[in-house]
Amino acid sequence: MGGIHPWHECEFREGDSFTYAVYDSRCHYLGCCYLYPMGRRTPLTEELLKYDVDVSWWVTPGAYERGYYTKLHAALRHWIERAFPFTKAYYSNSEIPELPG
């Protein structure tokens with residue numbers, strides 16, 4: 001894979017969104033995840049005002065078949081909760097995996 005896409009670089013520089021490429025432990029490309037300010041990707045509603053970041057992600061078809069869509073969702077939840085100052089993340093993908101338990 002090459003460097004960052006110019007559009008993502010512009011959004012990152014402007015603070016409009018933050019894009020991260022996702023790789024497995026053997027450095028195989030799996031997909032991307034995105035952090036957006038609320039209202040940037042999903043129109044704000046009264047319900048969405050309680051969230052402070054809009055998180056989305058995708059994986060390649062092969063990674064999806066190997067369960068990485070669900071694994072990435074779990075990893076993102078862990079990462080967002082521990083590495084960022086957000087108090088409540090909104091996961092805006094149309095398919096949200098069930099949480100265990």
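Leaving aside its neighbours within four places in sequence, which residues is arginine 41 in contact with?

## Arginine 41

Contact here means heavy atoms within 4.5 Å. On that basis, arginine 41 is in contact with Tyr36, Asp54, Ser56, Ser92 and Asn93, its neighbours within four places in sequence being left aside. Arginine 41 lies in the loop between E2 and E3, where strands (E, at least two residues) and helices (H or I, at least four) are DSSP runs numbered from the N terminus.

The side chains of arginine 41 and serine 92 are joined by a polar contact of 2.4 Å; such a contact is a pair of N or O atoms within 3.5 Å, one able to donate a hydrogen and the other to accept it. The C-alpha atoms of arginine 41 and aspartate 54 are separated by 7.5 Å.

## Basis of the model

This is a predicted model, in which local features need pLDDT of at least 70 and side-chain atom pairs count only at pLDDT 80 or more, while totals for chains, interfaces and linings use all residues. Residues are numbered from 1 along each chain, and side-chain values use heavy atoms, without hydrogens and water.

## Sheet

An open sheet of mixed pairing is formed by 4 strands in the order E1-E2-E3-E4; two strands pair if DSSP finds at least two bridges between them. Its edge strands are E1 (18-23) and E4 (89-91). Strands E2 (residues 29-36) and E3 (residues 53-59) run antiparallel and are joined by 6 bridges. Cysteine 33 stands opposite tryptophan 57 in E3. Helix H3 (residues 68-83) packs on the sheet and touches E1, E2, E3 and E4.

Conventions. Axes fitted to C-alpha atoms, helices over the stretch in contact; angles between N-to-C directions.
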